[in-house]
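Hi there,

Here is the structure I promised to pass on to you. Please have a look at it first, and then read on for what turned up in it.

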Amino acid sequence: MKYIPTFQTFVNEAEAAEAFLNDDQIQLLDQGCRGKWTVDPKTGLVNVKGDVLLRKLNLEDFRGIRFGEVTGNFSCSDNRLASLEGAPQKVDGDFSCSTNHIVTGK
């Protein structure tokens, strides 16, 4: 019996970002992240080592960005968000989303 070696595809962080995010999303992440953000190529989720500060940007949504884990604080306060779709699945610090237009489900 012969064994065929398996190969793993290696994707660098820049390629992963380009594959999942558009220029507008990258600009928002660069503006709002205080730390390093990366895209998980398996899930497309954006993970941040540090804080995410998206306050007072007049955001109606997260522009299609889907956050995974944020190791610091996450603030999206003082915007026009109608939902938390795309908000982080895990935040190690404080999570703040006050002063938005979020409506609870029925």
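This is a predicted model, in which local features need pLDDT of at least 70 and side-chain atom pairs count only at pLDDT 80 or more, while totals for chains, interfaces and linings use all residues. Residues are numbered from 1 along each chain as its sequence is written, and side-chain values use heavy atoms, with hydrogens and water left out.

**The overall picture**

The chain has two helices and six strands, and along the sequence they follow the pattern α-α-β-β-β-β-β-β. Helices (H or I, at least four residues) and strands (E, at least two) are DSSP runs, numbered from the N terminus. Of the 106 residues in the chain, 33% are buried. Here buried means under 20% relative accessible area, exposed means over 50%, and partly exposed is in between (1.4 Å probe, protein chains only).

The accessible surface of the chain is about 7,300 Å², and carbon and sulfur atoms hold 49% of that. Accessible areas come from the Shrake-Rupley method with a 1.4 Å probe; for residues, only the protein chains shown count as cover. Among contacts with a separation of 6 or more, 13% are between residues 24 or more positions apart; contact means heavy atoms within 4.5 Å.

**Helix α2**

Helix α2 covers residues 23-32, and its buried residues are Gln25, Ile26, Leu28, Leu29 and Gly32. Seen down the axis of α2, these buried residues fall within an arc of 160°, so they line one face of the helix. (The arc is that of the directions from the helix axis to the C-beta atoms.) On the face turned away from the buried side of α2 you will find the exposed residues Asp23 and Gln27. The N-terminal end of α2 is capped by asparagine 22, with a side-chain oxygen 3.0 Å from the backbone nitrogen of aspartate 24. That is a polar contact, meaning a pair of N or O atoms within 3.5 Å; within protein, one must be able to donate a hydrogen and the other to accept it, and residues adjacent in sequence count only if both atoms are side-chain atoms.

Asparagine 79 is in the loop between β4 (74-75) and β5 (90-91). With a relative accessibility of 5%, asparagine 79 counts as buried. A polar atom of the asparagine 79 side chain lies 2.9 Å from the backbone nitrogen of leucine 57. Leaving aside neighbours within four places in sequence, the contacts of asparagine 79 include Leu54, Arg55, Lys56, Thr99, Asn100 and His101.

Asparagine 47 sits in strand β2 (residues 46-53) and is partly exposed, at a relative accessible area of 25%. A polar atom of the asparagine 47 side chain is 2.8 Å from the backbone nitrogen of glutamate 69. Not counting residues up to four places away in sequence, asparagine 47 also touches, among others, Lys36, Trp37 and Gly68. The C-alpha atoms of asparagine 47 and lysine 36 are 8.4 Å apart, although eleven residues separate them along the chain.

**Salt bridges**

A salt bridge is a side-chain nitrogen of Lys or Arg within 4 Å of a carboxyl oxygen of Asp or Glu, and by this rule there are four. One of them joins arginine 80 and glutamate 60, with the closest N and O atoms 2.1 Å apart. Arginine 80 lies in the loop between β4 and β5 and glutamate 60 in the loop between β2 and β3 (67-70), so the pair ties together parts that are 20 residues apart in sequence.

Lysine 90 pairs with glutamate 69, the closest N and O atoms being 3.8 Å apart. Lysine 90 is in strand β5 and glutamate 69 in strand β3, so this pair ties together parts that are 21 residues apart in sequence. Lysine 90 also forms a salt bridge with aspartate 92, at 3.7 Å between the closest N and O atoms. Through shared partners, salt bridges join Glu69, Lys90 and Asp92 into one network.

**A nonpolar patch**

Finally, Leu84, Phe95 and Ile102 make a nonpolar surface patch of about 230 Å². Patches are made of residues with over 30% relative accessible area and no salt bridge: like charges are joined within 9 Å, nonpolar side chains (Val, Leu, Ile, Met, Phe, Trp, Tyr) within 5 Å. Leucine 84 is in the loop between β4 and β5 and is partly exposed, with a relative accessible area of 33%.

Best wishes
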